[in-house]
Amino acid sequence: MINKNVFQNIKNDVHLESNLLFKVLKMCCCNPSFDIRCTCWVRNNDNSKNKEFLKCPMRHETTYQRIMNDYKYYKIIEKSGFNAIKDEILKITKLTTKDWDIIVDIYKKYKAEDNE
Ligand SMILES: [Zn+2]
C-alpha cells in the first residue's frame, strides 16, 4: 500500500521551497492558470505595496481585469473610451506606456471576441 503521507510531505516540501525561492528572488508566482483574483496587483491584500507587481508576468492581464471589474472605470470607458483612464491607471500601477499598449491590445482582443 502506498503511504499517502509520503506524497503529502513531498508536496509540502516542494511548495515550501518554491515559496522560499519566490521570496528570495522577490518575484511573485502568478501564471496564466491562476484565477485572476489570486494574481498580484499594485496592492496586496493587507493594502501594503506590492513591490513584485512590476515584474509580474500577469501584470497586463491582471490590470485589464481589475479595470473592467471596477464600475467607476467601466463608466468612464463607456463614455470616453478605454484610453480615457490611461493616465490614472499608469499613475496607480507605475506601469509604462509600453505596458499600456499591451493592455489596450488585450482590451481590443476581448472586445472583438464579444462582437463575434
Ligand atoms: Zn504576480
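Lys94 is found in the loop between H4 and H5. Helices (H or I, at least four residues) and strands (E, at least two) are DSSP runs, numbered from the N terminus. The model is predicted: local features need pLDDT of at least 70, side-chain atom pairs count only at pLDDT 80 or more, and totals for chains, interfaces and linings use all residues. Residues are numbered from 1 along each chain as its sequence is written, and side-chain values use heavy atoms, with hydrogens and water left out.

Most residues other than glycine have a negative phi. Lys94 is exposed, with a relative accessible area of 53%. Here buried means under 20% relative accessible area, exposed over 50%, and partly exposed in between (1.4 Å probe, protein chains only).

The chain has five helices and zero strands. From the N terminus on, the order of elements is α-α-α-α-α. Of its 116 residues, 28% count as buried. The accessible surface of the chain comes to about 9000 Å². Carbon and sulfur atoms hold 54% of that surface. Accessible areas come from the Shrake-Rupley method with a 1.4 Å probe; for residues, only the protein chains shown count as cover. Contacts (heavy atoms within 4.5 Å) also span the sequence. Among those between residues at least 6 apart in sequence, 47% join residues at least 24 apart.

The largest nonpolar core has 22 residues. Such a core is a set of buried Ala, Val, Leu, Ile, Met, Phe, Trp, Tyr and Cys residues joined through side-chain atoms within 4.5 Å. Ile67, Phe82, Ile85 and Trp100 have the most contacts inside it. Helices H2 (59–68), H3, H4 (86–93) and H5 (97–115) each supply at least two residues of this core. H5 gives the most, with five residues. In soluble globular proteins, nonpolar side chains tend to be buried together. Beyond its neighbours within four places in sequence, Ile85 is in contact with Ile67, Tyr73, Ile76, Ile77 and Trp100.

Ile89, Leu90 and Thr93 are the buried residues of H4. They lie on the same side of H4, because they cover an arc of only 95° around the axis. The arc is that of the directions from the helix axis to the C-beta atoms. An α-helix has 3.6 residues a turn, so residues three or four places apart point the same way. The buried residues of H4 pack against H2, H3 and H5. On the other side of H4, Asp87 and Lys91 are exposed.

Helix H3 (residues 71–80) is capped at its N-terminal end by Asp70. A side-chain oxygen of Asp70 lies 3.0 Å from the backbone nitrogen of Lys72. At the other end, H3 is followed by Gly81, whose phi is positive, near 95°.

Asp99 lies in helix H5. Asp99 counts as buried because its relative accessible area is 9%. Its side chain is joined to that of His60 by a polar contact of 2.8 Å. A polar contact is a pair of N or O atoms within 3.5 Å; within protein, one must be able to donate a hydrogen and the other to accept it, and residues adjacent in sequence count only if both atoms are side-chain atoms. Not counting residues up to four places away in sequence, Asp99 touches Arg59 and His60.

Thr39 is found in the loop between helix H1 (4–25) and H2, whereas Thr62 has its place in helix H2. The two are 23 residues apart along the chain, yet their C-alpha atoms are separated by 6.9 Å. Thr39 counts as buried, at 5% relative accessibility. Thr62 is buried, with a relative accessible area of 0%. Leaving out residues up to four places away in sequence, Thr39 touches Cys30, Phe34, Met58, Thr62 and Arg66. On the same terms, Thr62 touches Ile36, Thr39, Cys40 and Trp41.

A search of the whole structure finds zero disulfides (pairs of cysteine sulfur atoms within 2.5 Å). Cys29 is in no disulfide; its nearest cysteine sulfur, that of Cys30, is 6.2 Å away. Cys29 counts as partly exposed, at 35% relative accessibility. Cys30 is buried, with a relative accessible area of 8%.
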